[in-house]
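Before reading the questions below, please take a moment with the sequence and the model. Each answer can then be checked against what is shown.

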Amino acid sequence: MTGFEFGRNPDDLMGEVTRGAKALVVLPDMRQKNALDAESRLEEALGLARAIGIEIADAFILPIRAVRPATLFGEGQVERIAVACEQSSAELVIVDGALSAIQQRNLEDKLRRKVIDRTGLILEIFGERAATAEGRMQVELAHLDYQAGRLVRSWTHLERQRGGFGFLGGPGETQIEADRRLIRGRMARIRRELDQVRKTRGLHRERRQRAPWPVIALVGYTNAGKSTLFNRLTGATVMAEDLLFATLDPTMRAIRLPAVDKAILSDTVGFISELPTQLVAAFRATLEEVTAADVIIHVRDVANPASAEQKREVEMILTDLGVIDAEGASVPIIEAWNKIDMLSADDRAMRADLIAHDVPDRVAVPISAVTGEGVDALIERVGIILTGEAQTLDITVPMAEGQKLAWLHAHGEILSEHDIEDAQGAPASRIRVRLTPRELGRFSSL
């Protein structure tokens with residue numbers, strides 16, 4: 001590869017990914033089990049690149065039979081990438097896989113172009129899309145964690161030593177050690193700030209649990225149509241485009257459901273295969289909102305040929321969050337089979353036949369978030385789940401405990417009520433009321 005001395009020095013290209021840059025996208029196919037097929041993964045990689053405004057110059061799949069520690073790819077494959085860069089005038093190479101710091105640096109040396117891996121690309125997208133202070137902190141923490149192990153890639157000034165203290169000086173510390181110390185300090189500060197955010201979010205969650213309103217969480221693979229469905233159900237104007245990670249920060253709105261006066265609908269960040277571990281850790285506080293939900297709506301893009309694989313990826317993350325375990329889902333899950341408007345009549349009939357076989361343990365409702373088809377049936381099904389487990393209870397409440405009386409009238413379905421005296425002869429109210437198990441738990445905590 002020493003013959004390929006073209007392009008600019010990669011050290012001149014180590015800034016942020018430039019919007020509008022021409023890029024070559026390469027997918028290393030390692031034949032992983034239970035993963036999306038290579039073509040679907042390449043299409044997803046192209047979607048990630050387009051999501052940040054990168055122009056695709058060329059894209060192809062390279063099978064990896066044996067991982068090369070130095071470059072990941074074999075010598076012939078690296079040469080093919082170099083030739084493709086020259087022919088397409090690509091100034092950026094995106095490797096849709098994980099690269100070590102050494103592999104990334106070696107590829108940049110050989111290709112004479114900036115190289116980023118899947119994690120780096122997703123971090124760029126998240127950094128651009130984060131709108132709230134919490135989202136920006138989470139992305140910065142993930143980015144610093146990613147960069148901390150990659151300072152070895154930086155140029156020679158990081159290898160210089162700074163003079164030590166005292167009359168004779170001493171070895172001092174290298175610039176790379178100083179930079180790592182600064183990164184660790186910044187990460188520690190962000191973690192402290194996020195801990196405070198988590199405490200605040202926990203207080204808000206506890207307050208919502210005491211309130212009468214059930215929480216419905218939308219989850220799903222990125223670009224499955226969650227935000228479009230969220231906008232249709234709530235009348236909101238959350239960004240909803242045909243882009244991967246079109247929305248990042250969680251959003252909550254109040255909605256009305258049959259037999260439920262008010263509910264809270266939460267739109268969460270989209271999931272994706274091989275989500276960087278740094279992001280999973282950073283966004284855990286946000287995703288924990290899902291575990292506190294009364295109902296989860298799993299939005300699936302059934303028009304996507306890889307819908308079944310995408311479902312597995314989502315359920316892996318739900319399992320990691322503790323929503324799904326060996327005994328099944330701890331929170332009721334409804335699957336919204338979205339984008340049926342993009343299917344032919346025959347495909348629709350086939351999808352309808354699959355529902356009974358694919359989701360025997362939960363409810364699936366075919367919908368189109370764009371046209372509204374099936375959305376009313378989805379709302380009705382959510383209402384049934386929220387009220388279907390309600391039980392009739394006879395509760396005696398002392399008149400002095402006005403807060404509890406007001407709570408029951410506001411949150412429960414009062415069937416009858418009459419005044420009595422309790423065992424101590426104090427005035428009380430005997431109420432027959434319908435409450436769901438969760439509402440009963442909230443009442444008991446008052």
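Q: Leaving aside its neighbours within four places in sequence, which residues is Val 365 in contact with?
A: This is a predicted model, in which local features need pLDDT of at least 70 and side-chain atom pairs count only at pLDDT 80 or more, while totals for chains, interfaces and linings use all residues. Residues are numbered from 1 along each chain as its sequence is written, and side-chain values use heavy atoms, with hydrogens and water left out. Taking contact as heavy atoms within 4.5 Å, and setting aside the neighbours within four places in sequence, the partners of Val 365 are Ile 334, Glu 335, Ala 336, Trp 337, Gly 374, Ala 377 and Leu 378.

Q: Is Val 365 buried or exposed?
A: Val 365 is found in strand E12, which covers residues 363-366; strands (E, at least two residues) and helices (H or I, at least four) are DSSP runs numbered from the N terminus. Buried means a relative accessible area under 20%, exposed means over 50%, and partly exposed lies in between, using a 1.4 Å probe and protein chains only. Because the relative accessibility of Val 365 is 9%, this residue counts as buried.

Q: What distance separates the C-alpha atoms of Val 365 and Val 375?
A: Along the chain, Val 365 and Val 375 are ten residues apart. In the model, their C-alpha atoms are separated by 8.4 Å.

Q: Which residues make the contact of H7 with H12?
A: The H7 side of this contact is supplied by Leu 229, Arg 232 and Leu 233. On the H12 side, the residues are Val 375, Leu 378 and Ile 379.

Q: Is Lys 226 buried or exposed?
A: Lys 226 is found in helix H7, which covers residues 226-234. Leaving aside its neighbours within four places in sequence, Lys 226 has contacts that include Tyr 221, Asp 267, Gly 270 and Val 299. Because its relative accessibility is 6%, Lys 226 counts as buried.

Q: How far apart are the C-alpha atoms of Lys 226 and Ala 336?
A: The two residues stand 110 places apart along the chain. Even with that stretch of sequence between them, the C-alpha atoms of Lys 226 and Ala 336 are separated by 9.6 Å.

Q: What is phi of Asn 223?
A: Asn 223 is found in the loop between strand E5 (215-220) and H7, and because its relative accessibility is 23%, it counts as partly exposed. Although Asn 223 is not a glycine, its phi is positive, at about 70°.

Q: What is phi of Leu 72?
A: Leu 72 is found in the loop between strand E2 (55-63) and helix H2 (75-88), and with a relative accessible area of 2% this residue is buried. Leu 72, which is a residue other than glycine, has a positive phi near 75°.

Q: How is H1 oriented to H4?
A: Helix H1 (residues 38-51) packs against helix H4 (residues 118-129) with the axes 9 Å apart and an angle of about 40°. That angle makes H1 and H4 oblique.

Q: Which residues of H4 does H1 meet?
A: From H1, the residues taking part are Glu 44, Ala 45, Leu 48, Ala 49 and Ala 51. In H4, they meet Arg 118, Leu 121, Ile 122, Ile 125, Glu 128 and Arg 129.

Q: How is H4 oriented to H5?
A: H4 and helix H5 (residues 133-148) pack with their axes 10 Å apart, at an angle of about 155°. That angle makes H4 and H5 roughly antiparallel.

Q: Which residues of H5 make the contact with H4?
A: H4 contributes Thr 119, Gly 120, Leu 123, Phe 126 and Gly 127 to this contact. From H5, the residues are Val 139, Ala 142, His 143 and Tyr 146.

Q: What percentage of the residues in the protein are buried?
A: The secondary structure comes to 14 helices and 15 strands, and among contacts between residues at least 6 apart in sequence, 70% join residues at least 24 apart. Of the 446 residues in the protein, the buried ones make up 49%.

Terms used:
Axes are lines fitted to C-alpha atoms, for helices over the stretch in contact, and angles run from 0 to 180 degrees between N-to-C directions. Angles under 35 degrees count as roughly parallel, over 145 as roughly antiparallel, 65 to 115 as roughly perpendicular and the rest as oblique.
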